[in-house]
Amino acid sequence: MTPDADAASSIRRADPFAPLTADMLDVGDGHELYVESIGRADGIPAVYLHGGPGSGCQPDHRRLFDPDRFCAVLFDQRGCGRSRPKGSRAHNTTAHLISDMEKIREKFGFERWIVVGGSWGATLALAYAEAHPERVSGIALRATFLGTRAEVETAFTSRLSQFHPALYEDFLSALPREERDRPVEAYWRRILDADPAVHGPAAKAWHDTERTLSEHKPAKTRLDLASLNVWRTLPATPFMEAHYFVNDSFMSENQLLRNAGRLEGIPGIIVQGRYDLLCPPATSQALAKVWSGSELRIVEEAGHSLYDGGVRDAVMKSIADLASKIPRQGSSPSS
């Protein structure tokens, strides 16, 4: 799927954000990842990590990078988006994703790259940087998530009940009464159940609740309980999220904060929405305190979403500012 040089030039003239390369990369364990690059072949190396876990890269994510300045790589993580097998949770852990990133970096011949990610993408960015600090020239984060069970449970229980009490009642009512004492664990158990009659309504309720929590001004603040048993397709993210979160994101307790010393010397910018109900400012502040090379930038009147007011522009600026702090390095992507 990789175009030749002349084709790439003509595509770029028409659309500077069209992929320079697009390919399927065999990373082992039966997984193939969709990987693309955009920008200029000799640009500043960068990689974008999508959220979820379980979503995938979108065309608009390419536009976070100045195509005249960067060679940015975007990929769909194991089981996500265009990667194959779709939805597979086998051999799918944080360690596997870190290993995949190294295979991608080596494929493109980059010595180091700027790592960019938001929410779960921020989790993976930190985990990768702490595992391979020598390969990271800078880190741009949005909505810091440390991958802990406590963060998820707090967001879907006490915080949900405080800020969206009616939605919290809906969220509980979608569960049998005997499972409501520990609703988050009940949802994960149901989402991972093989029976569609069990996992279907749970996945839809989880997805719709999470969407409301992720937006500063959500379009919907209640669940449509009557529709939970009616669907044509189910969202992908609840299944991968349940797989990761029930396993503590395949990390040890408080791993990312405990190992933050490994980020010493790596410049970082943390973009944080003031009213993020999923990943609140306190988490970003805690990270900034133990990461001496980081800068925290609060976006007022914004929540969790990349598309809340001012967040996308702040992320773009953080990437550009990081690029100005590091020595110029360029590598051509391999075919």
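Tutor: A pocket is an open set of points on a 1 Å grid over the protein atoms, where a 1.4 Å probe fits and protein lies on both sides within 12 Å along at least five of seven lines; lining residues have an atom within 4 Å of a point. The second largest pocket holds about 270 Å³, volume being the space filled by probe spheres on the points.

Tutor: This is a predicted model, with pLDDT of at least 70 for local features and 80 or more for side-chain atom pairs, while totals for chains, interfaces and linings use all residues. Numbering starts from 1 along each chain, and side-chain values use heavy atoms, without hydrogens or water.

Student: What makes up the lining of that second largest pocket?

Tutor: It has 13 lining residues, with Asp208, Arg211, Thr212, Lys220 and Arg222 nearest the centre. They split into 7 charged, 4 nonpolar and 2 polar; Asp, Glu, Lys and Arg count as charged.

Student: And what lines the largest pocket?

Tutor: That one, at about 940 Å³, has 35 lining residues, with Gly51, Gly52, Ser55, Ser214 and His304 nearest its centre.

Student: Why is Ala129 called buried?

Tutor: Its relative accessible area is 0%, and buried means under 20% (1.4 Å probe, protein chains only), so Ala129 qualifies.

Student: Which residues is Ala129 in contact with, leaving aside neighbours within four places in sequence?

Tutor: Val136, Ile139 and Leu263, where contact means heavy atoms within 4.5 Å.

How values were computed: Buried means under 20% relative accessible area, exposed over 50%, partly exposed in between (1.4 Å probe, protein chains only).
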